[in-house]
Amino acid sequence: SLQLPRPRHRRVITVANQKGGVGKTTSTVNLAAALALHGLRVLVIDLDPQGNASTALGVEHRSGTPSVYEVLIGELSLADAAAVSSQSDKLYCVPATIDLAGAEIELVSMVARESRLKEALSSEALDEIQPDYVFIDCPPSLGLLTVNAMVAAKEVLIPIQCEYYALEGLGQLLRNIELVQAHLNPTLSVSTILLTMYDGRTKLADQVTSEVRGHFGDTVLRTVIPRSVKVSEAPGYGQTVLAYDPGSRGAMSYLDAAREIAEYGAEKGTE
Ligand code: ADP
Ligand code: MG
């Protein structure tokens with residue numbers, strides 16, 4: 001397989017959009033799997049109590065499983081909560097269980113409540129895993145969990161669904177990112193926008209695509225993820241689409257998107 005450049009420094013990428021169903025989880029797990037397929041070491045942190053990323057990576061996430069919840073409340077290190085995915089020995093996941101649902105409220109009264117994930121990431125806790133990439137899959141809200149993800153990362157990846165109202169709510173997301181930049185994490189930037197669920201048969205999809213490109217320019221990946229049944233079927237088998245149907249258009253497009261992300265990082269020497 002074609003090699004992808006290894007980043008000079010570990011890249012921590014938060015996948016965020018407070019809208020549900022835009023492809024955050026699907027993009028997280030498939031980009032992670034694509035990078036792992038090319039020999040890079042990748043850690044996915046599932047920060048959504050639904051645990052959909054854990055499911056797609058074939059990682060146990062029943063209540064009581066060591067998870068990101070215990071990491072956030074300071075009971076476990078990230079490495080101790082991480083499990084290797086069923087699909088690659090280079091791909092790890094810190095699962096989310098339903099226990100995380102209460103965390104947003106529990107965190108409010110905790111010390112350094114916005115930077116608990118950052119602390120967990122900055123320790124030697126990852127010496128065993130040594131990931132080149134860390135992806136953080138956010139819940140569909142802008143609450144404390146998403147703030148923790150934005151404080152822990154240098155990059156934000158925003159998936160945008162090629163649909164009606166695609167840009168609705170984006171202003172709010174960008175303002176929140178600016179607030180985090182101003183007060184908590186000056187190094188944060190929106191590095192990547194990924195258009196998802198593109199349906200070439202509709203005029204609307206093209207309108208959304210050109211509107212987003214007009215607005216965000218080069219931040220938008222050239223690769224667009226098509227709407228594809230295979231992509232939506234894969235999690236039902238505890239798999240990414242790369243494992244479920246490697247030759248499918250969905251799998252190929254995520255491989256292309258991962259290549260763009262890796263090459264962009266190499267170009268910019270992203271830390
Ligand atoms: P989010 O994490 O933003 O809530 P998901 O990644 O869970 O969004 O995607 C929402 C739904 O859309 C899921 O059922 C998923 O399987 C489906 N989906 C995501 N991407 C695609 C795609 N490219 N083609 C078809 N279905 C998709
Ligand atoms: Mg999700």
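I looked at strand pairing in this predicted model. S1 and S5 pair in the parallel sense over 5 bridges. Strands pair if DSSP finds at least two bridges between them. Strands (E, at least two residues) and helices (H or I, at least four) are DSSP runs, numbered from the N terminus. I found Val12 opposite Val134 in S5. Strand S2 (residues 42-46) also pairs with S5 in the parallel sense, over 5 bridges. There, Val42 has Tyr133 as its bridge partner.

Next I checked the cover on S5. I call a residue buried if 20 or more other C-beta atoms, placed from the backbone, lie within 10 Å of its own. In S5, 5 of 5 residues are buried. Tyr133, Phe135 and Asp137 lie on one side, Val134 and Ile136 on the other.

I turned to helix H7 (residues 144-152). It is largely enclosed by the rest of the structure, because 8 of its 9 residues are buried. Among them are Leu145, Val147 and Met150.

Then I went to ligand 1. I counted 18 residues around it, with Lys24, Thr25, Thr26, Val231 and Ser232 the closest. A residue counts as near if its C-beta atom, placed from the backbone, lies within 6 Å. H1 gives the most to this shell, with 3 residues.

Last, I noted the confidence. Mean pLDDT, the predictor's confidence in each residue from 0 to 100, is 94 for the protein. Residues are numbered from 1 along each chain as its sequence is written, and ligands from 1 in the order written, with chains lettered from A. Local features need pLDDT of at least 70, side-chain atom pairs count only at pLDDT 80 or more, and totals for chains, interfaces and linings use all residues.

Conventions: A residue is buried if 20 or more other C-beta atoms lie within 10 Å of its own, exposed if 12 or fewer, and partly exposed in between; C-beta atoms are placed from the backbone.
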